[in-house]
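Hi everyone, thanks for making time for this. Let's look at the structure together, and I'll walk you through a few spots in it.

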Amino acid sequence: TPLYSSAASDVYKRQILGFGISAIWIFVLVSGVYIALKNYLTSVKSTALSSHISHLTMFKDYIEEEISKLDTLKSKRINIFVWYSLAFPNSRDGDIEVSTAYSSAIDKICDAVEHTNDSINSPKGEYGYRKHQERLISTVSSLGIKLSFLPKNDFHNVENDLFLLIDSVNQTFSNSTQKLSNIKRDYL
């Protein structure tokens, strides 16, 4: 009987040793997968942040360059970060698709122009230009653009340049086919 118990003991020892080795391999495998997954997620976040910074910088540089070509707009009156955040709210996650909120803001600018067109109340084309300026000032503020009340003709010049700037940005950074500079403005 001593041989039997020694053989049984050896079998149990081998089973325990086999189980221990299996447990260690499973632990190493799971740890490896976990580390690889963590590295992948860190890499994805890093790539998304790098893409965000690159896209934001390109957007900022583009707007500043376009403003320098226009006579009536000043870069200090345009908060590029507000504009960018409205247009690309998920950029930090690597998503640079134009938001519906931005498209809606552009539509509201069109609506403000149409409202002014509809308010013309005489054959000479008279309209409440202060009300028009209020509407436009309010509407473009969502883009981070600060306009001031100006004499009528000066405001029209600013409006023309602003629409050209927005059109240029939209053509470059979005798939929008709408051009503010082509909107019929009966009050001009």
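Let me start with a question: which residues do ring pairs link into a cluster? They are Phe59, Tyr62, Trp83, Tyr84, Phe88 and Phe173. Rings of Phe, Tyr and Trp (its six-membered ring) pair if their centres lie within 6.5 Å, with planes under 30 degrees apart called stacked, over 60 edge-to-face and the rest tilted.

Before we go on, please keep in mind that this is a predicted model, where local features need pLDDT of at least 70, side-chain atom pairs count only at pLDDT 80 or more, and totals for chains, interfaces and linings use all residues. Residues are numbered from 1 along each chain as its sequence is written, and side-chain values use heavy atoms, leaving out hydrogens and water.

Back to the rings. The structure holds six aromatic pairs. In one of them, the centres of Phe59 and Phe173 are 5.1 Å apart and the planes are at 70°, so this pair is edge-to-face. Tyr62 and Phe173 also pair edge-to-face, at 5.5 Å centre to centre and 75° between the planes.

Leaving aside residues up to four places away in sequence, Lys60 touches Ile80 and Phe81, where contact means heavy atoms within 4.5 Å.
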